[in-house]
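Student: I'd like to go through this one by question and answer. Can we start with the charged pairs and then move on to packing?

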Amino acid sequence: MAKSPKLEFDVGWDLSPAPESTDHINLKGQYDLFINGKWTKPSSGKYFKTVNPANEKVLAEIAEANEKDIDKAVQAARKAYVEVWSKMPAAERGKYIYRIARLIQERAREFAVIESMDGGKAIRESRDVDVPLAAGHFFYYAGWADKLEYAFPNRRVHSLGVAGQIIPWNFPLLMAAWKIAPALATGNTVVIKSAETTPLTLYKLAEVIEASGIPPGVVNIVSGAGETGAAIVNHPDVDKIAFTGSTGVGKIIQRAVVGTNKKTTLELGGKAANIIFEDAPLDQAVEGVINGIYFNQGHVCCAGSRLFIQESVSDLVLRKLKDRMESLIVGDPLDKNTDIGAINSKEQLGTINHFIKTGKDEGAEMYQNSCSLPDKGYWCRPTLFTNVSQSSKIVQEEIFGPVLAVQTFRTIDEVISKANNTPYGLSAGVWTDKGSKIFNLTSQMKAGIVWANTYNKFDPTSPFGGYKESGFGREGGLHGLKPYLKI
Ligand code: ADP
């Protein structure tokens with residue numbers, strides 16, 4: 001377990017461990033596929049292991065779905081769509097979605113602990129962000145189910161059919177909620193695949209779905225890696241693909257659906273800029289930067305991985321930032337004091353370390369928190385680079401880790417052009433006292449989301465999505481209904 005670091009303003013004690021109990025967690029040793037309302041053995045008989053990245057212990061064995069299993073899941077979803085779900089009065093559909101939301105709330109602690117065990121994120125994130133927001137999305141979209149004519153006045157809307165959904169490992173339960181809730185509210189049925197390193201909360205969600213009494217086949221949950229995902233994308237009877245993941249895989253998917261009738265939404269990578277002006281509330285801004293890149297280990301596509309500080313306050317902001325970094329506690333994800341948990345997998349840690357080495361090789365200056373790291377598991381200290389240029393790899397490429405690249409600027413035009421100079425366009429943050437500057441900047445930033453004097457704030461009613469290589473389509477809010485409808 002990591003000790004809390006010694007601070008300049010040392011309070012003279014270390015925080016005692018405050019681990020969240022795992023007594024109430026009920027995990028099976030093996031999980032089968034959830035198809036047509038039944039736990040189904042994979043036709044290949046193959047299982048893979050899911051590991052706790054904080055201690056490298058195996059948590060469970062997980063079924064690997066192949067083309068045959070995906071076909072079974074799609075057929076079940078089609079049958080449920082034709083025979084039950086598309087015929088059901090919308091208000092009835094809404095009731096099931098409400099029920100799922102309430103059941104997630106009832107089992108919130110279990111979901112949060114399993115999310116942290118399987119994914120490595122700090123319990124305060126999974127408990128305070130992932131799980132409440134997941135329930136919130138089901139509540140929100142349950143409300144829309146019987147009000148689609150108000151969502152799209154004077155238009156006729158129709159569901160698409162079977163939605164194939166593929167999600168990443170950074171927010172497993174939340175990404176599932178983002179995708180399943182609007183699909184169901186608009187009358188579609190679902191085949192969803194978890195990421196290979198984080199399958200557990202989706203199978204817990206399968207238990208909730210079972211308990212909700214929703215008709216069999218309306219939601220089918222499968223697991224496996226890229227080949228399983230490709231089997232969903234290429235299945236001829238899938239009407240819609242919703243994908244969140246890397247830009248590389250997003251491009252493969254886009255090529256695969258060309259010439260088909262499949263509707264697609266892609267939510268891909270990002271390289272967000274956080275911009276601090278000299279008139280900003282600096283302590284608040286520093287906290288926002290920390291929240292944007294270090295909490296969550298930088299594992300969010302909208303992570304504020306580039307920081308631009310106005311030159312007149314850059315020394316001061318950097319000093320404040322380094323002080324705050326030093327106070328961050330890295331360690332056991334289940335400890336309620338932990339700010340930063342484990343990196344999701346050995347592979348991801350390897351990628352992050354490769355970028356850190358590249359940053360040093362390119363001549364950037366590195367600063368890291370000096371805390372000790374646990375012996376077992378996959379860990380990365382919060383890391384900051386200064387002396388970087390616009391062309392540095394660590395400025396241009398998505399790292400997906402707790403690594404921040406810091407640059408300075410003098411004028412607003414300069415920072416806008418620097419911030420927009422990336423292949424991505426997902427999110428950005430601006431910190432200033434002046435409303436006019438906020439409006440000027442938000443209208444010129446090529447980003448789907450711009451936060452002002454805050455960062456990483458999510459709400460089921462707000463749409464989320466990007467431009468350029470960050471993908472297209474919106475999830476969340478009223479906009480999130482559209483990709484699941486013919487209008
Ligand atoms: P990340 O870098 O976040 O792991 P990936 O794009 O590799 O992003 O993975 C996101 C999701 O896409 C995972 O569920 C993964 O299994 C799935 N996936 C990977 N390759 C493919 C593919 N060729 N077709 C469909 N899904 C894929």
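Student: Which side chain meets Arg109 in a salt bridge?

Tutor: This is a predicted model, where local features need pLDDT of at least 70, side-chain atom pairs count only at pLDDT 80 or more, and totals for chains, interfaces and linings use all residues. Residues are numbered from 1 along each chain as its sequence is written, and side-chain values use heavy atoms, with hydrogens and water left out. A salt bridge here is a side-chain nitrogen of Lys or Arg within 4 Å of a carboxyl oxygen of Asp or Glu. At 3.1 Å, N to O, the partner of Arg109 is Glu20.

Student: How many residues apart are Arg109 and Glu20?

Tutor: Arg109 sits in helix 3 (residues 108-119), while Glu20 is in the segment before strand 1 (30-31). Helices (H or I, at least four residues) and strands (E, at least two) are DSSP runs, numbered from the N terminus. The pair links distant parts of the chain, and the separation is 89 residues.

Student: Which residue pairs with Arg124 in a salt bridge?

Tutor: The protein is divided into domain 1 (30-268 + 470-486) and domain 2 (273-452), with bounds from an automatic or database domain assignment. The count between these two domains is one salt bridge. Arg124 pairs, at 3.1 Å from N to O, with Asp339.

Student: Are helix 4 and helix 6 roughly parallel or roughly antiparallel?

Tutor: Helix 4 (residues 123-144) and helix 6 (residues 172-185) have axes 9 Å apart, at an angle of about 5°. Axes are lines fitted to C-alpha atoms, for helices over the stretch in contact, and angles run from 0 to 180 degrees between N-to-C directions. Angles under 35 degrees count as roughly parallel, over 145 as roughly antiparallel, 65 to 115 as roughly perpendicular and the rest as oblique. So helix 4 and helix 6 are roughly parallel.
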